[in-house]
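Me: Hi, I'd like to go through this model with you. Could you take my questions one at a time?
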Amino acid sequence: MTILNESGIPDVLHPLHAVNGLAGRLPGTLVIVVGMRSEAHVVRSFPGGGPGGRVRFAILDPRDPPQQGQLANLAVDAAGRRAEKVLLVGSRTAAALGVDVDFEARLAARKSGLTVAAVDADAPYANPGALSTDLEDRVLAALVDLCPKRRTSELVEAASQAKRTGFFGLGGRNRERPAEQGRPVVLLGGALSPGSAADLVAELARTGVEAAGVVPPTGDDLPPVGEGTVVAVMDPNLGTAANAARERGARVVRTLMPIGVDGTARFLQDVAEDAGARTSEVMRARSVWEELGALRGRVRGKRIFFAGDTGYEVPLARFLADAGAVVLEVGAPRLDRRFLAEELQALGSGVDVVVSPDWRGQMARIEESNPDVVVASAGLHAPLVARGHLCRGPEDFVRAGLHGYEGARRILELFARTFDRAEALDASSL
Amino acid sequence: MRLLKDVYEGPGSHGILRLAACIGGVHAVLRAAPGEAYLPALYGSRERDGLAAAVTLSPLQDGRREIYAPGDLSQDLAGVGRRHPGAEAVILARSEAALLSGETIPAPSPPQPGGRDPALVTCAWESPGMGETEAADLALEDLVRTHARKGLERSPYPTVNLFGPPVFGPGAAAEYDEAERLLNLVGVEVNARVPLGATVEGLRRLPRAWGNVLLYREVGESATLYLQDEHKVGRVTTPMIGAAGTGAALRAVAELCELDPKFVERTVWSELARTSKLPWYARLKPPETFAGLKAAVFGDFTYPLGLGYALSREVGLDVAACGTYLTHLERDFLFHAQTFTEGGFVEDDPERVANKIVAARPDLVVGTELERAVATDLDVPFLPLCYPTAGRPFVENPLMGYRGSSILADRLDEALG
């Protein structure tokens, strides 16, 4: 594996495009984007999302910057009786106009008694660049900070309680299995992949590990995160959220992301081990690979170029290379080598990772290498399709739910469907 | 500070980028934070023509930056000419975050005769809080001012420049097509379409035209005023919406281009007989269909005024409310709106707009995508005919000209039964 830094300008969708989707994922939460017309316009231009969340915009006037406490009052009024939580998403323009979103969130919480958290959408990362999924990372970091913080002994007790009731109604399935774990496990991620966390909770339960909860939660309650908690990060873009958990004293598992067969197997094994249970996923992984044989046949030898902007590209490439595809290049608008050390190690020797790829350079390399399929960011998608390339958006995989063994199947099915459709269209006489 | 549910317009930088995306040979440099360049994604999903928008991000980064990495504004601007040999003009757009950073910008550089470097238009007037429409209007003026050649002779036959809507406008390209078709019928050729489909060379030759036809005043106002003042090219500002508006615009063009008024009149009558169905629709329907029906119209500037006038005078609806979100055009809008309604208003808060519409108790709402919710709440038909709209049709229909009036008749027929 070679890592090159192109120092170019990658095509990355504005991280705020995900506001509607995240708000939909957090029912009962009012999301207030604090900034100017720019931020509001991004959110309205990408209206994807679902029911449940409410989004409002606190539009600042540069000629009349707000007084301290004004935003807090506005947030309290807007929350009314309908919202249980408020997320104040601060932007670069808000910071430039002197709005202290953290302070306003604390003030609003004190005034209203509601849970109010500040999300700094523009806080710098250690590595330069941006990912389209950065907001998800920051929102989850804010949610981790909202999680109750208890001592280890209480957390163990809470985990046992969870075991009795079961999460997602799946706990009962393995009730007869004696639990060996010593530390409660909290899953972190899967915010935009419905069902992913439930699949992993079920897989962990099969190995004898009961999850104490998931961030973001499927219900109202956030699980306790603190000293003694084992935090299992599901997504490769959650560096800030993982740090937030680490800062609370939680132990963040260093392992592969639960994407693809081997990734899921390593994830389950390592999480179980950190939780105090021992399990081997070798046989299960082997049987899943066998079950996926036909789908694997559809991607074997296919040449895939990753020009996405989500951060999911590295684990996706790792899985597809394992499945027999030829990965031509993996573009990474930002790469946190420390956080993704295991992923990069597992990527294999024949794969090139290009950090900060220049989108024009990517287009030229795609033209030159003529891959069978390109996983392309939103801005490159239409121009590449117009040049005759087969494209999938990285968000297609995220939305389909790419975690766990079932996620591995869904990833391969998405590719197989893409090839089938293209072949059918090519075969039709126009 | 205001708490809004939504916004009608993007920032000024978005308007400049929309404008630049229309004109061949113009390359935009967006000075903004990494990740703020969402126009390529928006362009790809809305226009769906497979072209890549000519935008380069000059990232505004805090902290360490590698020497050759982009981020130095002067270098990034200079690099466009090198990397994009086809670029004849570079236009600088700054995001609100970049504007608030207070950094200085390079001086503009007009095109040098025989020089190979593209002209640089810096849009130094850009300020935080400015809306996309106003910025697009001023940016177009800057581009025209930079490129329009002085001392060009008028074309030997009557020609006009069409100043219409930029990309993302509903049916934008179809509006130009219909206007050009009608102008050709009366014997006038189109010298240039601006901004959609224009080229830098076309901008240079704008003063050749006998007149400017302002289809979309929001974006062509300043440029056409400049051409009128500096190059003595007159303009026609009547909105070409509805049969009456279209006829009035054609007659004004005929006067500007010194055409035979009888020939123009015959063409108008022929189009009214063959193409325009709005007058027919109004005559065929029994008067009870429209009696006492109230309409609320809301949008940018040209469309609410043109549609409001057509609905009121040609169809016979009572336009109880007609508004715009373009606050910088308040005085002009209210002046024109009063000719057909007493309910003219200017408002850019969608919730207040909804309240105005509810108060008008309309039987039909014509507006932007943001008015869909209020129409649903009122349980009345809704026609999303004004920018911003959500639809992305592959085949665009005009709302202007005689064909546009027929399409309006169809939409009204569907909505009102």
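This is a predicted model: local features need pLDDT of at least 70, side-chain atom pairs count only at pLDDT 80 or more; totals for chains, interfaces and linings use all residues.

Me: Thanks! Which helix is A:Asn20 found in?

Reply: A:Asn20 sits in helix H1 (residues 19-25) of chain A; helices (H or I, at least four residues) and strands (E, at least two) are DSSP runs, numbered from the N terminus. Its C-alpha atom is separated by 8.6 Å from that of A:Arg44, 24 residues apart along the chain.

Me: Now the largest nonpolar core: which residues touch the most other members?

Reply: Those are A:Phe415, B:Ile91 and B:Leu307, in a core of 234 residues. A nonpolar core here is a set of buried Ala, Val, Leu, Ile, Met, Phe, Trp, Tyr and Cys residues joined through side-chain atoms within 4.5 Å. Helix H18 (residues 404-427) of chain A gives the largest share of this core, 8 residues. Another core, of 24 residues, lies apart from it, and includes A:Val34, A:Ala75, A:Leu97 and A:Val101.

Me: And what is B:Ile91 in contact with, leaving aside its neighbours within four places in sequence?

Reply: Its contacts (heavy atoms within 4.5 Å) include B:Ile16, B:Ala20, B:Val26, B:His27, B:Val121 and B:Leu143.

Me: Switching to strands. How many residues of S11 in chain B are buried?

Reply: 5 of the 7 residues in strand S11 (residues 318-324) of chain B are buried. Strand S10 (residues 294-299) of chain B runs parallel to S11(B), joined by 6 bridges; strands pair if DSSP finds at least two bridges between them. One of the bridge pairs is B:Val297 with B:Cys322.

Me: What does the chain cross through from S10(B) to S11(B)?

Reply: Helix H12 (residues 302-315) of chain B, in a right-handed β-α-β crossover. Right-handed means that, with the strands pointing away from the viewer, the path from the first strand over the helix to the second runs clockwise. On the other pairing, S11(B) and strand S12 (residues 344-346) of chain B are parallel over 3 bridges. That crossover goes through helix H13 (residues 330-337) of chain B and is right-handed.

Me: How many residues of chain B are in contact with chain A?

Reply: 49 residues of chain B are in contact with 46 residues of chain A. About 4,000 Å² is buried between them, with 61% from carbon and sulfur atoms; buried area is the accessible area (1.4 Å probe) that two parts lose on being put together, summed over both. B:Met1, B:Leu3 and B:Tyr38 supply 20% of what chain B buries against chain A, more than any other three residues.

Me: Last one, where are the domains of chain B?

Reply: Domain 1 is 12-128, domain 2 is 159-274 and domain 3 is 284-416, with bounds from an automatic or database domain assignment. The C-alpha centres of domain 1 of chain B and domain 3 of chain B lie 36 Å apart. These two domains bury about 500 Å² between them, 41% of it on carbon and sulfur atoms.

Technical notes:
Residues are numbered from 1 along each chain as its sequence is written. Chains are lettered from A and ligands numbered from 1 in the order in which they are written. Side-chain values use heavy atoms; hydrogens and water are left out. Buried means under 20% relative accessible area, exposed over 50%, partly exposed in between (1.4 Å probe, protein chains only).
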